[in-house]
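Student: I have a structure open and would like to learn how to read it. Could we go through it together?

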Amino acid sequence: MENKNKESKIRQLTDKQKTELAELEATLIGLIDCVQTISVSKEKEKVLSNIAKTQKKIKHIKLGGILSKETKRNLVAYSFIAPNFIGFMVFTLGPIMFAFLLSFMKWDGNNAMDFVGINNFLRLTDDVRFKAAFVNTVVYSLATVPLTLLFALGLAIILNQKVKFRNVFRTASFFPYVASLVAVAAVWNMLFSPANGPVNMLLANLGVAVKNLPKWAADKHFAMLTVILFSVWKSMGYYMVIYLAGLQGISAEMYEAASLDGANSWQKFKSITWPMLQPTTFFVVVILTINCFKVYDQIYMITQGGPGTSTLVLVYHIYDTAFKSWDLGYASAISVVLFLLVLIVTLVQFKGEKKYANS
Amino acid sequence: MKRRICIILVFVLLLTALAGCSNNKGKTTGGSAAPTSGGDNSTNEPITLKWSVWDINSTTYYQPLIDTYEAAHENVKIEMVDLGSADYMTVLATELTGNDSDIDIATIKDIPGYATLVEKNALEPLNSYIKTAGIDVSVYGGITNQIIINDRLYALPFRSDFWVLFYNKEIFDAAGVDYPTNDMTFEQYDELARKVTNTTLGAQGYGAHYHTWRSAVQLFGILDGKNSIVGGNYDFLKPYYELVLKQQEDQVVQDYATLKTSSLHYSGAFAQGNVAMMNMGTWFIPTLIEKIDSGEYTDISKWGLAKYPHAEGVEPGSTLATITSLAVTTASKHKEAAFDFLEFITSSEGAKVIASTGTIPAIKTEAVIESISSMEGFPEDEGSAEALQTANTYLEMPVHVNSSEIETILNTAHDNIMSGNATIEEGIEYMNTEVGKLLQ
């Protein structure tokens, strides 16, 4: 059947194509003869690729199709990855590259763009709000990552043991993560209200003078702490679940063996739990760090970047610059700085991956 | 092969993205063109106009305005688009970016936002429309002069609110102190606030209240007419910050930090019945009347209005003004029809409809003022009615190329000073340096 098809296709060839075919076949034979005589490898390769090309041409004329079988196969494969790839291009890669371009432009979103070179980056050095935001972002991340890690791991270890109401406690610790941020932030602000919040009342009852009570979210020395505590409380449940999964992957036999050797709880933690959890810890640290650099919503809900600029973070500053002042080029320049910051941190962490994640 | 396809795809996408972003270069420059003759509202083709607004449910004049207009123009249907009040101008600017929005008429909530939109070429210059329609802008009492940018007017005001002093009569009655008058200096005002303050624990009453907005405190400083909030030198704010911070320290007013963290709304603060005086815009009048009437506010029943306190030697009745205006978007496909609707709302006819709901329209004739002060629920004393007469009004934020950047700087400084995280001197120094950099 297939042969017949081929036959019929060849029969349909025009005279011109027939001569072309004959010519090509002749060159092919010539080339094949030629290749046997050549000894220089470079020359040989050239001739070989010529042979392949000629064969392709012959096939093309004989079969008459526009696409060869290989190309067809490749296209099918590409079409499978296309939906995801196009989405990624349009919504992620495109905007990222566009932002890079924008960081060298002056643009307000409507009027024509002006190329301003590295002026946007030079402006950064003189921008006190940017400097404050940069420092605050780093401080926030440096404090939030280890604290969240510590609390998540602690919770996971406790709730991995056979305690009463274990499931209730697990649910309770996971609750902040699923609860609406807006609602819990409002509650948090109520708890930490300077004048009549329960936290300050407790402190007052513990003997702190009313004058010295912290004003929490409205106090430049405590605002960042308030946001950090909130973030830790909100996200520790999620990382606890990841740690729980890690803990359950550790074989009970190891603990039994350690017990037989007379190891105490701390020794077991130090020599079994912590090393076995290293891949988990690595994963948690990477995700957590990236999330910390992206912080925006918590800040918006609790302090709006205030008082003054004491909790202003990079993403907040980018939002203000981009959508309040409509200085999209400059905002992109700040985004590029944030991107580089995250990139460096991630590269450093991935260097560590070889050391920890696969041990 | 694979790599080449990837690279080609990336570039094609980028090029289309870039093309998409800059395709309005030509369009925007044509914005000042005169309206084409034979406007689309003269034909009887049905048109739907989209009007961007905020708080549809709590604003009483939108629907009456639309009803009146639609009754006279059968082919036109007005559709409101509620963009929310919190970030209204930001959302609006985002909507109008790229010139492909379907909003025809934009309500302009504040001046920095207006300046931004004009800068972005998102609004249609109205000069030629105004000329064609024969509108006399002098009815707006000079307000329109303050929003002219590059000799062009991009919006017409329909509401013009100004700041007054709201007071709770019951507190003054209980303390046996005379009501605030329409001719108070800042000193007298401070004295009065202290007189009616009650610091007894449990029965606390505050002499005054400042909402957390910058305008509530900072703009006392521009009422003498000598200083500008976009001038670059803010030394003149010192006495006013001193006055307010001293009141805060003596518990005459509620602590800024507490107000900020609890996000207490000014209406809530006044409705609790323990605030004697509160400076706020006249937009609070209809809310107050309505909520007392509906029984939502149970802790306050008798209230009054007084003119803003004034600096020594300045005419009483000098106050801050906020205008709410309407603009036609450059993206609109029915600019003529949109302007026709805009013209109706901003006309004296529209003003009547607005005034009937207790809101102060931009055209402030005697009749309009009287219709507001004779509304049911408006305080009956003469002083309150007189408080609606203004002498000099200054825009809360004048038109300026950098107004939104200046706003951010001033807000930061205000927040720092009021929460005690910076001294007054430090705050003023910050404003002077940072705004100075912008104005260079």
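Student: What share of the accessible surface of chain B belongs to carbon and sulfur atoms?

Tutor: Keep in mind that this is a predicted model. The accessible surface of chain B comes to about 18700 Å². The part belonging to carbon and sulfur atoms is 50%.

Student: And what percentage of the residues in chain B is buried?

Tutor: Here a residue is called buried when its relative accessible area is under 20%. Chain B has 440 residues in total. Of these, the buried share is 52%.

Student: Why does the radius of gyration of chain B agree with a compact globule?

Tutor: Start from the chain length: for 440 residues, a compact globule would have a radius near 22 Å. The C-alpha atoms of chain B fill a box of roughly 80 × 55 × 40 Å along the principal axes. The radius of gyration agrees with the globule because the value for chain B is 24 Å.

Student: Which residues touch the most other members of the largest nonpolar core?

Tutor: That core holds 193 residues. Its largest share, 11 residues, comes from helix H10 of chain A, residues 223–248. The residues touching the most other members, though, are B:Trp51, B:Phe166 and B:Tyr234.

Student: How far apart are the mean positions of the positive and negative charges of chain B?

Tutor: Let's count the charges to begin with: chain B has 28 positive and 57 negative ones.

Note on methods
Residues numbered from 1 in each chain as written. Chains lettered and ligands numbered in written order. Predicted model: local features only at pLDDT ≥ 70, side-chain atom pairs only at ≥ 80, totals over all residues. Heavy atoms only, no water. Rg over C-alpha atoms; globule rule 2.2 N^0.38 Å. Buried < 20%, exposed > 50% of the residue type's maximum accessible area, 1.4 Å probe, protein only. Areas by Shrake-Rupley, 256 points an atom, 1.4 Å probe, with all protein chains shown as cover. Lys, Arg positive; Asp, Glu negative; His and termini not counted. Charge placed at Lys NZ, Arg CZ, Asp CG, Glu CD. Core = buried A, V, L, I, M, F, W, Y, C linked by side-chain atoms within 4.5 Å. Helix = DSSP H or I, 4+ residues; strand = E, 2+ residues; numbered from the N terminus.
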